[in-house]
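Please read this note with the structure open beside you.

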Amino acid sequence: QVQLVESGGGLVQPGGSLRLSCAASGSIFSINSMSWYRQAPGKQRELVAKITSGGSTNYAESVKGRFTISRDNAKNAGYLQMNSLKPEDTAVYYCYALIRPLSGTWLDYWGQGTQVTVSS
């Protein structure tokens, strides 16, 4: 069974930094794209950043220049480095990946979410 587990969230002051990690485990054949989404209270879940298997990236306009998405294919892991954090970045952050398990076809997988709170 494939699982995604996020870590690295927490409370940080405005202007601070956090690094989120997403670890994929289980019987994995291949991982295609990996993404980070976030959902703030009362708002819809939105795409924050995406990285393809080849390393191409794209970002939401609101985080460009502040956030950096990366991945380590050997470790089946993804990361989101968040700098210059603002109160409006406060949300639950979710890792998403398109994964092909050893015994199946490509499927969407989501992590359980990690809370990021930016406040003084």
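Which handedness does the link of Cys22 and Cys95 have?

1. The link of Cys22 and Cys95 is left-handed, with -80 degrees about the S-S bond. This is a predicted model, in which local features need pLDDT of at least 70 and side-chain atom pairs count only at pLDDT 80 or more, while totals for chains, interfaces and linings use all residues. Residues are numbered from 1 along each chain as its sequence is written, and side-chain values use heavy atoms, with hydrogens and water left out.

2. The structure holds one disulfide (a pair of cysteine sulfur atoms within 2.5 Å). The sulfur atoms of Cys22 and Cys95 are 2.0 Å apart. Strands are DSSP runs of E, at least two residues long, numbered from the N terminus.

3. Both Cys22 and Cys95 are buried (under 20% relative accessible area, with a 1.4 Å probe and protein chains only).

4. Four strands form an open sheet in the order β1-β3-β8-β7, with antiparallel pairing. Two strands pair if DSSP finds at least two bridges between them. The edge strands, β1 (3-7) and β7 (67-72), each pair on one side only.

5. Strand β7 runs antiparallel to β8 (residues 77-82), and six bridges join them. Across from Ser70 stands Tyr79 in β8.

Methods. Buried means under 20% relative accessible area, exposed over 50%, partly exposed in between (1.4 Å probe, protein chains only).
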